[in-house]
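I opened the notebook to record what I looked up in this structure. The entries follow in the order of my searches.

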Amino acid sequence: MQELGLISKLPINRFTDFGAYLALSSGEELLLPKGYLKGEEKEGDEIEVFVYTDSEDRPVAVTQKPLALLDEFAVLKAKEVTSFGAFVDWGLPKDLFVPKSEMGKNMEVGQKYLVKVCVDFKTNRLIGVNKYRDFLRLAPFDWEEGKELDGVIFEETDLGFKVLIDNEYEGLLFKNEVFQPLELGEKRKVYIKKNREDGKLDLQLLPPGRVKYDEGSEKILAILEAKGFLPLHDKSAPEEIQQQLGMSKKHFKQCIGQLYKARMIQIEPDGIRLNASN
């Protein structure tokens, strides 16, 4: 079935008490359950649906869109782990199954993992594959340092954060150069720091040429770049500064002094704000 795992516009052939039967390109029919109908559809109307298999492995259409289509990656949370595999949440009523043989590492409930949606050709079902390196390629040799890329944060290690680029390449943000919280599955603009000989990419969050400050100042800048405003100032209690930034009041005052002199921030009565020109 060529529609399996994809978004397709399919015409309504007929209605039953259970829903609407849609016409596939093969000439066969596929059920769109009644719960996905608005009640105003007519025979011949085309409906945009996602096609997968239900809990009894029967092909079925839904109007919901999963977090990843066939041959796409997504960072998905494990909901259940068994001796034969794991079930991950991909945004549909039926969870996506990752067979034990397709796990790169043992999965744990509640943790997030990079998963690619594939077809198990033995069963003709959609499955998840966590052995992501089987699908990655070496980064193009002509990608230069400073190039802007779209990335997805997919794993945290002792060294840093692994980033998936363009569904094909792997990069790394070094932990000692990250001064803001990152979430697994988060999409970020990243920049090439070094295009390595092994085909992997050393990355950075800062655009090339931007002045780098000490760790505390970078942490404050990262928060301001994300939120625009930080409700802390030189009259704030040391405990409040420690709780929000993990630094002493003395260090905080030194940092905002450095950023103010560099015209990176505005100091207001109730907090600090990123300068509009930055």
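Burial first: I call a residue buried under 20% relative accessible area, exposed over 50% and partly exposed in between, with a 1.4 Å probe and protein chains only. F97 comes out at 18% relative accessibility, so F97 counts as buried.

**Ground rules.** This is a predicted model: local features need pLDDT of at least 70, side-chain atom pairs count only at pLDDT 80 or more, and totals for chains, interfaces and linings use all residues. Residues are numbered from 1 along each chain as its sequence is written, and side-chain values use heavy atoms, with hydrogens and water left out.

**Domains.** I looked up the domain bounds, which come from an automatic or database domain assignment. The assignment gives domain 1 (6–62), domain 2 (72–133), domain 3 (147–204) and domain 4 (215–274). I then took the C-alpha centres of domain 3 and domain 4, and they lie 26 Å apart.

I took strands as DSSP E runs of at least two residues and helices as H or I runs of at least four, numbered from the N terminus. Two strands pair if DSSP finds at least two bridges between them. Strand β1 (residues 7–16) has an antiparallel pairing with strand β4 (residues 46–53), over 5 bridges. Here S8 has V49 of β4 as its bridge partner. β1 also pairs with strand β2 (residues 19–23), antiparallel, over 4 bridges. A hairpin of 2 residues joins β1 to β2. T16 has its bridge partner in β2, at G19.

What is the order of the 5 strands in the open sheet? I read β8-β7-β6-β9-β10, with antiparallel pairing. β8 and β10 are the edge strands, each pairing on one side only. Neighbouring strands of this sheet are turned by 50° against each other on average, direction ignored. For such angles, axes are lines fitted to C-alpha atoms (for helices over the stretch in contact), and angles run from 0 to 180 degrees between N-to-C directions. Inside the sheet, β6 and β7 pair antiparallel over 5 bridges. T82 stands opposite G85 in β7.

I found an open sheet of 3 strands, ordered β16-β18-β17 and antiparallel. Its edge strands are β16 (229–230) and β17 (265–268), each pairing on one side only. β17 and strand β18 (residues 271–274) run antiparallel and are joined by 4 bridges. The bridge partner of I265 in β18 is L274.

**Aromatic pairs.** Rings of Phe, Tyr and Trp (its six-membered ring) pair if their centres lie within 6.5 Å; planes under 30 degrees apart count as stacked, over 60 as edge-to-face and the rest as tilted. My search of the whole structure finds 8 aromatic pairs. One of them joins F84 and F97: the centres are 5.9 Å apart and the planes at 50°, so this pair is tilted. F84 lies in the loop between β6 (73–82) and β7 (85–89), and F97 in strand β8 (residues 96–99), so the pair ties together parts 13 residues apart in sequence. The rings of W143 and Y169 have centres 5.1 Å apart and planes at 75°, so this pair is edge-to-face. W143 lies in the loop between β10 (125–129) and β11 (148–156), Y169 in strand β13 (residues 169–174), so this pair ties together parts 26 residues apart in sequence. Both W143 and Y169 are buried. I also noted F50, Y52 and W90, which ring pairs link into a cluster.

**Charges over rings.** My test needs NZ of Lys or CZ of Arg within 6 Å of the ring centre and within 35 degrees of the ring normal. R14 lies over the face of Y21, 4.3 Å from the ring centre. K175 has its charged end over the ring of F161, 5.9 Å from the centre.

**Cysteines.** How many disulfides does a search of the whole structure find? I get 0 disulfides, with the cut-off for a cysteine sulfur pair set at within 2.5 Å. C118 is buried at 11% relative accessible area. C255 is buried too, at 0%.

**Positive phi.** N124 is not a glycine, yet its phi is positive, near 60°. N124 is in the loop between β9 (112–120) and β10. At 40% relative accessibility, N124 is partly exposed. D166, also not a glycine, has a positive phi of about 55°. D166 is in the loop between β12 (160–165) and β13, and is partly exposed at 43% relative accessible area.
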